[in-house]
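Student: I have a new structure to look at. Can you walk me through it?
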Amino acid sequence: MPMAVIRHKYEGQLEDLIKDLRRLGIQVYRHIEFALNSLSEEDRNYARQIIEKDKEINQQETNINEKVIMLISKQQPIASDLRLMMASLKIASDLERIGDNAASIAEIRLRAKIIDNYVLTRLNTMGKLALLMLKDLDDAAKSNDITLIKEIIERDDDIDDLYKNIVNTTYLIDNDPFVSGQAHLAARHLERIGDHICNVAENIYFFITGNRYESYNK
């Protein structure tokens with residue numbers, strides 16, 4: 001097979017890898033949305049469906065890992081291509097963990113229903129901030145906008161502040177410590193989602209620049 005044909009096929013495989021990551025990101029984005037909705041959903045079957053769909057995210061991560069291993073073993077990637085492959089493994093892992101956190105939020109609905117508007121508003125705000133981070137991160141990756149990537153990472157402080165606001169309050173939902181504990185747990189999962197999005201952002205930064213995020217000239 002001519003080298004030009006081999007190279008064209010290889011470049012197509014790298015493009016497919018990026019598309020797979022974006023598809024996984026979209027799936028995770030929806031998973032977070034559905035998990036947030038499940039907290040106040042009357043029918044607990046809604047939460048069960050979200051938990052079941054987490055298997056699809058796990059499988060997508062496995063597929064990406066296998067694709068990267070195949071590319072490394074069959075090709076001789078140059079430095080930038082190898083950065084893409086290494087970053088892809090880490091990004092897929094963090095996206096899968098975001099999916100796990102979202103599924104854990106849905107599991108909370110199986111144990112308790114959170115109906116208090118004070119707490120729900122803050123949980124939903126945490127979730128919406130995370131969703132906006134994911135959406136903007138996709139835009140930043142498409143345009144190689146490292147300034148936006150840095151801004152997205154800094155936004156995680158807002159999620160952390162809301163988390164502290166929820167867990168440090170003595171506010172009890174309907175004087176029920178169990179439901180309050182479940183609300184605090186949901187907040188913890190959302191805080192972890194924000195952390196994983198930051199990890200994704202840092203790995204995109206590494207792929208674009210070839211440097212670790214810590215070296216960014218702040």
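**A first walk through the model**

Student: What does the span 22-108 look like, in helix and strand?
Tutor: Residues 22-108 are 90% helix and 0% strand. The end C-alpha atoms of that span lie 28 Å apart. Helices here are DSSP runs of H or I with at least four residues, strands are E runs of at least two, and both are numbered from the N terminus.

Student: What kind of model is this?
Tutor: It is a predicted model, where local features need pLDDT of at least 70, side-chain atom pairs count only at pLDDT 80 or more, and totals for chains, interfaces and linings use all residues. Numbering starts from 1 along each chain as its sequence is written, and side-chain values use heavy atoms, with hydrogens and water left out.

Student: Which annotation covers 22-108?
Tutor: The unreviewed UniProt entry carries "domain: PhoU" over residues 22-108 and 124-204. Such annotations may be inferred rather than shown by experiment.

Student: And the whole protein: how many helices and strands?
Tutor: Six helices and zero strands. The C-alpha trace spans about 70 × 40 × 20 Å along its principal axes.

Student: How do α4 and α5 sit together?
Tutor: Helix α4 is residues 117-143 and helix α5 is residues 146-167. Their axes come within 10 Å and cross at roughly 170°. The axes are lines fitted to C-alpha atoms over the stretch in contact, and angles run from 0 to 180 degrees between N-to-C directions. α4 and α5 are therefore roughly antiparallel, a label for angles over 145 degrees.

Student: Which residues meet there?
Tutor: Leu129, Met133 and Leu137 are among those in α4, and Ile152, Ile159 and Leu162 are among those in α5. Contact means heavy atoms within 4.5 Å. The residues of this contact divide into 16 nonpolar, two polar and five charged. Nonpolar covers Ala, Val, Leu, Ile, Met, Phe, Trp, Tyr, Cys and Pro; charged covers Asp, Glu, Lys and Arg; the others, Gly among them, are polar.

Student: New topic. Is Ala106 buried or exposed?
Tutor: Ala106 is buried, at 0% relative accessible area. Buried means under 20%, exposed over 50%, and partly exposed in between, with a 1.4 Å probe and protein chains only. Ala106 is found in helix α3, residues 79-111.

Student: What does Ala106 touch?
Tutor: Leaving aside neighbours within four places in sequence, Ala106 is in contact with Ser38, Ala47, Ile50 and Ile51.

Technical notes
Angles under 35 degrees count as roughly parallel, over 145 as roughly antiparallel, 65 to 115 as roughly perpendicular and the rest as oblique.
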